[in-house]
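I opened this entry to record how the parts of the fold pack against one another.

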Amino acid sequence: MIIKSIKLDNFRCHKEFNFDFKKKTSIIVGENGSGKTSVLEAIYIALLGKSFRATDPDILKRDSEFYRIEINFTNGEKTVVAYSLINGVLKKQFLVGEKKYLRLPKKYRYPIVLFLPDDLHLIGSSPTRKRDFFDRILGGLDDNYSNLLNRYEKALKQRNDLLKKYSEFNLDEVKNVIFSWNLLLAKYGVEIRKKRQEFIFEINNRLTETYRSIAENSDILELEYQLQGEDISESEYLKRLEDELQRDLILGHTGFGIHRDNYNFIFNNSDADGSASRGEVRSIILALKFIEAELIYEKTGKRPIVLLDDVFSELDETRQKSLTSNFKDNQVIITSVDIVN
Ligand SMILES: Nc1ncnc2c1ncn2[C@@H]1O[C@H](COP(=O)(O)OP(=O)(O)O)[C@@H](O)[C@H]1O
Ligand SMILES: [Mg+2]
């Protein structure tokens with residue numbers, strides 16, 4: 001699938017915006033604040049169904065009544081996203097193939113590899129940020145994973161709401177009302193961990209080799225999934241939630257679970273955070289993006305569209321070349337403050 005053009009109405013700062021894309025590499029150039037990331041965001045919504053950074057009320061141009069995204073593909077197909085009043089309520093609708101949908105059907109989705117400026121700081125970033133990073137990749141590769149994670153997060157929220165409602169003095173009462181949520185968290189938690197472990201295994205199978213193809217050296221790189229506690233069974237997971245109930249009641253939130261797991265990069269047997277140089281860190285992130293695109297292609301047979309937000313000009317010439325050659329079969333859309341040659 002190749003995007004031919006985009007047309008935006010009332011999308012963020014764009015009252016009206018039109019752009020024609022090249023088959024291979026397109027570059028959107030503009031000052032900071034001119035709306036470049038917003039264009040990538042619009043593409044992302046039209047291809048995957050929702051934004052990577054915000055909800056529709058934030059996206060709707062201030063003082064406007066609707067927004068609209070129209071994407072035309074080179075094969076003649078098109079996707080329209082309209083966020084407008086329906087029976088007095090603002091709603092988003094997808095118009096594809098003469099039909100309207102409230103959610104973008106799977107068959108009309110198309111994979112994207114997104115590269116944001118902040119990704120360059122992944123290695124030294126917080127566990128939350130790292131989990132979000134890998135959760136998004138995994139979710140793009142495996143629908144079951146996104147579903148599991150959604151369910152886990154809903155159950156976690158319910159449990160946390162209960163923890164806030166009761167105090168540690170009602171322990172026996174809470175034990176009963178919270179039990180079903182413990183069960184769900186243990187069930188989904190263990191499944192999510194398993195999927196993350198399999199995914200990390202797949203990444204590690206390729207990581208050093210991919211990294212070396214960029215850095216042209218003999219460094220060794222490994223991604224480590226760091227569990228909070230041990231690798232435990234569902235019943236042990238459940239027991240831990242039960243054992244920590246009193247502490248959770250005092251804290252007002254759930255202290256144990258996969259929402260606390262972390263990822264580390266091990267670079268030549270040391271933590272990459274602190275040992276890898278700025279350039280090496282960039283090569284590591286590039287390697288991850290290459291692997292993500294590769295895995296998507298292997299799993300779906302589709303070459304993801306690559307969106308590079310303000311990162312291309314941040315890379316030195318060698319890494320730019322490596323990126324261009326790795327994504328030679330993908331449509332690549334770059335944003336930049338400077339003109340890129
Ligand atoms: N809902 C909105 N309505 C109007 N302007 C918005 C809205 N949301 C964001 N903006 C503005 O849009 C501008 C462009 O944002 P962005 O796409 O991030 O620009 P760039 O990536 O080119 O720096 C920002 O100046 C921001 O203040
Ligand atoms: Mg931007």
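This is a predicted model: local features need pLDDT of at least 70, side-chain atom pairs count only at pLDDT 80 or more; totals for chains, interfaces and linings use all residues.

I began with helix H4 (residues 143–165) and helix H5 (residues 171–215), whose axes come within 9 Å and cross at roughly 155 degrees. Since an angle over 145 degrees counts as roughly antiparallel, H4 is therefore roughly antiparallel to H5. I noted the hand as well: H4 passes H5 in a left-handed crossing.

On the H4 side I found Tyr145, Leu148, Leu149, Arg151, Tyr152, Ala155, Leu156, Gln158, Arg159 and Leu162, and on the H5 side Val174, Val177, Ile178, Trp181, Leu184, Leu185, Tyr188, Gly189, Glu191, Ile192 and Lys195. Sorted by class, the residues of the contact of H4 with H5 are 15 nonpolar, two polar and four charged.

I then followed H5 to its crossing with helix H9 (residues 278–300), where the two axes come within 8 Å at roughly 125 degrees. H5 and H9 are therefore oblique to each other, and H5 passes H9 in a right-handed crossing. H5 contributes Glu202, Ile203, Arg206, Leu207, Thr210, Tyr211, Ile214 and Ala215 to this contact, while H9 contributes Glu280, Ser283, Ile284, Leu286, Ala287, Phe290, Ile291 and Leu295. The class count for the contact of H5 with H9 is eleven nonpolar, two polar and three charged.

From H9 I went on to helix H10 (residues 317–326), which packs with H9 at an angle of about 5 degrees, the axes being 11 Å apart. That makes H9 roughly parallel to H10. Here Arg282, Ser283, Leu286 and Phe290 of H9 meet Arg319, Ser322, Leu323 and Asn326 of H10. I counted by class again, and the contact of H9 with H10 has three nonpolar, three polar and two charged residues.

Which order do the strands take in the six-stranded sheet? I read it as S2-S1-S4-S5-S6-S7, in an open sheet with antiparallel pairing. Its edges are strand S2 (14–20) and strand S7 (99–101), each of which pairs on one side only. Neighbouring strands in this sheet are turned by 15 degrees against each other on average, with direction ignored.

I looked in detail at strand S1 (residues 3–11), which six bridges join to S2 in the antiparallel sense; within this pairing, Phe11 has His14 in S2 as its bridge partner. Helix H1 (residues 36–48) packs on the sheet, where H1 touches S1, S2, strand S4 (67–73) and strand S5 (78–86), and the direction of H1 makes about 110 degrees with that of S1.

I also found an open sheet of three strands, in the order S9-S10-S11, with antiparallel pairing. The edge strands are strand S9 (221–226) and strand S11 (270–271), each pairing on one side only. Strand S10 (residues 262–267) and S11 are joined over two bridges, and Phe267 stands opposite Ser270 in S11.

Last, I checked how the chain is divided, and noted domain 1 (3–110 + 332–336) and domain 2 (117–302). Taken over C-alpha atoms, the centres of domain 1 and domain 2 are separated by 30 Å.

Definitions and conventions:
Residues are numbered from 1 along each chain as its sequence is written. Chains are lettered from A and ligands numbered from 1 in the order in which they are written. Two strands pair if DSSP finds at least two bridges between them. Helices (H or I, at least four residues) and strands (E, at least two) are DSSP runs, numbered from the N terminus. Axes are lines fitted to C-alpha atoms, for helices over the stretch in contact, and angles run from 0 to 180 degrees between N-to-C directions. Two residues are in contact if their C-beta atoms, placed from the backbone, lie within 7 Å. Domain bounds come from an automatic or database domain assignment. Angles under 35 degrees count as roughly parallel, over 145 as roughly antiparallel, 65 to 115 as roughly perpendicular and the rest as oblique. A crossing is left-handed if the near helix is turned anticlockwise from the far one by less than a right angle, and right-handed if clockwise. Ala, Val, Leu, Ile, Met, Phe, Trp, Tyr, Cys and Pro count as nonpolar, Asp, Glu, Lys and Arg as charged, and the others, Gly among them, as polar.
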